[in-house]
Amino acid sequence: MSKPNTQPAPAAVPSPPAPAAQPQKQAASPAPAPMPKPEPIRAKGFASQITSRFPDVKVEWMKQRRLKVSMTPTRIREVGLFARDTLGFDHISTVSGVDWIAKNLLEVDYFVGSSTPGQEDFILAFSELVARDNPVVPTLIDVWKGAEYHERETHEMFGINFQGHPNQSHILLPEDWNDMPPLRKDYVSPGR
Amino acid sequence: MAVESEYSPDADRIMSVSLGPQHPGAGHFRIKLWLDGDYVVRSEPDPGYVHRGEEKMGEYRNYIQNVPHLERPEILDSSNTLFPYALGVDELMNSKIPPRGQYLRVIMSEINRIISHMYFLAIQGYFMGHTTMITWCMGDRDFWIDLGERIGGARVTFAYIIPGGVRNDIPAYAIEKGLKTCDWFVKRMDEYEKIFFSNPMVHQRSDKIGYLSREDAIAYGATGTVARASGLSFDVRKDEPYSSYEDFEFKVPVLNQGDSWARAYVALLDMREAVKIIRQALKKLPEGSVRLKIGPQPRVPPGEVYSRIEAARGEYSYHIISDGSPRPYRLKIGSPSFKNLRVLPQLLKNVHVADIPVIYWGLNYWPVSADR
């Protein structure tokens with residue numbers, strides 16, 4: 001498939017060829033989290049390619065074929081571009097938010113699939129944590145165009161501000177919604 | 001389309017119009033349109049009229065109480081709406097579904113796929129002024145609803161696929177009835193091809209209308225019939241087989257035209273494959289129990305899953321986070337209608353107003369499911 005290769009690569013590292021076929025056994029550090037199930041070799045390739053390129057990024061397995069890549073909001077665009085252009089994860093599935101009220105943090109997860117033949121079964125979750133009081137994260141519409149409405153939804157439901165987003169008006173909530181973002185844990189549904 | 005017109009808010013000739021939310025075809029959904037004469041210059045979908053906070057409701061109910069309300073957003077495709085939720089909870093609880101339960105899940109899921117696609121084709125025919133299609137499809141759809149009723153006990157919202165398996169076993173006469181319905185339906189689909197898909201009027205109304213390229217389908221995250229009509233071979237049943245889909249022989253229909261005609265035709269091809277799967281599953285239905293014993297308040301260990309299936313409209317996904325309490329900590333519903341919605345303003349550019357219904361319904365969009 002033809003990847004939209006418009007963005008410049010972040011560094012002059014030669015991009016590894018076809019990740020689906022290359023086992024990548026010589027990678028520097030394996031995924032830090034213990035793997036719950038034995039993985040096919042090409043799957044290990046994704047984890048080690050990300051960790052060798054971005055050492056500060058935490059990679060863990062949710063299960064077989066689900067990789068959770070956690071990082072700070074400042075890194076997510078770089079990692080997203082790398083995943084899209086080099087690893088072929090170009091098909092946004094959904095964006096989800098989580099309110100960790102006990103830790104005073106909000107989480108944003110981008111679930112991204114791939115249209116490259118042979119790796120459509122994988123979903124990479126790009127996850128970032130941000131302070132609950134001032135949740136500002138960069139928008140990733142320029143990485144995955146389809147994230148636009150998902151980010152709008154996450155904005156209104158969790159109050160996360162996506163910097164650079166063209167239109168953060170309400171999409172599912174009423175236009176005159178005048179309460180706190182409803183999916184935050186301290187919002188109580190009427191009648192509860 | 002011929003007219004080259006740039007949108008500018010000052011231009012007197014641009015008129016803004018609201019399509020919906022009371023439009024009989026739009027169904028609780030509004031499209032803001034900016035028109036230059038008969039041409040659409042710009043459009044902006046405005047969903048949210050039927051938002052009911054399913055995700056918040058899910059956090060107030062336990063894992064079994066969540067079953068009935070979670071299938072409400074998409075009653076045409078109710079089993080497939082519950083299916084990823086059941087898969088996700090099964091995965092969190094690490095439960096292994098008995099083979100007969102897995103096969104029954106597949107049967108019900110495919111019956112619902114046909115029910116949903118029949119409705120889709122009926123309304124697509126209606127929007128093109130093809131009255132035969134709406135009467136035939138709505139009538140024939142009822143035979144599948146009858147079959148679903150014999151298995152699940154309800155006509156529309158079956159609540160059949162639940163965490164731990166399926167709610168009840170299939171009665172013996174429903175197997176026979178199912179095989180008969182399949183045989184009859186294959187002949188009916190040939191007639192649909194003749195009267196609808198090779199009809200010159202239908203070709204005129206939908207050929208090259210609402211073209212979506214393969215690159216755009218990938219970039220905007222299109223799934224289901226929209227993606228497969230644009231040459232993107234994307235089907236979770238094949239890509240990541242769940243619930244013993246690997247046991248069945250079927251193809252993933254992919255077309256390259258990328259227009260409204262192809263999006264409707266993919267649905268018909270989908271139904272042909274669904275009939276094949278139902279036949280195979282009914283014929284080699286394994287013996288044994290259909291569900292695990294799960295109490296009314298199951299203990300779900302802490303964890304996080306992202307489960308997905310191929311529903312009639314595309315990839316239906318759930319992001320479930322459990323913190324060990326009886327209720328989910330977070331329940332994110334990723335409905336295919338919402339995923340495909342971003343495509344709509346892309347397609348509604350420089351098209352005739354008269355083509356809007358065909359393009360809009362061609363996306364197989366269901367407002368209630370998108371709004372959740």
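Colleague: What share of the contacts in chain B with a separation of 6 or more comes from residues 24 or more positions apart?

Modeller: The model is a predicted one, and the count for chain B takes in contacts with a separation of 6 or more. Within that set, the part that joins residues 24 or more positions apart is 71%.

Colleague: Why does chain B count as being as compact as a globular protein of its length?

Modeller: The secondary structure of chain B comes to 15 helices and 8 strands, and its C-alpha atoms fill a box of roughly 65 × 50 × 35 Å along the principal axes. For 372 residues the globule rule gives 21 Å, and chain B is as compact as a globular protein of that length because its radius of gyration is close to that value, at 21 Å.

Colleague: How are H3(B) and H4(B) oriented to each other?

Modeller: Helix H3 (residues 78-93) of chain B packs against helix H4 (residues 99-127) of chain B with the axes 7 Å apart and at an angle of about 140 degrees. Since angles count as roughly antiparallel only over 145 degrees, H3(B) and H4(B) are therefore oblique.

Colleague: Which element gives the largest share of the side of chain A that touches chain B?

Modeller: In the contact between the chains, 33 residues of chain A meet 32 residues of chain B. The elements of chain A that give two or more residues to this side include strand S1 (58-63), strand S3 (91-100) and helix H3 (147-158). By class, the side of chain A that touches chain B holds 14 nonpolar, 9 polar and 10 charged residues. The largest share, 6 residues, comes from S3(A).

How values were computed:
Residues numbered from 1 in each chain as written. Chains lettered and ligands numbered in written order. Predicted model: local features only at pLDDT ≥ 70, side-chain atom pairs only at ≥ 80, totals over all residues. Contact = placed C-beta atoms within 7 Å. Helix = DSSP H or I, 4+ residues; strand = E, 2+ residues; numbered from the N terminus. Nonpolar A, V, L, I, M, F, W, Y, C, P; charged D, E, K, R; others polar. Axes fitted to C-alpha atoms, helices over the stretch in contact; angles between N-to-C directions. Parallel < 35°, antiparallel > 145°, perpendicular 65-115°, else oblique. Rg over C-alpha atoms; globule rule 2.2 N^0.38 Å.
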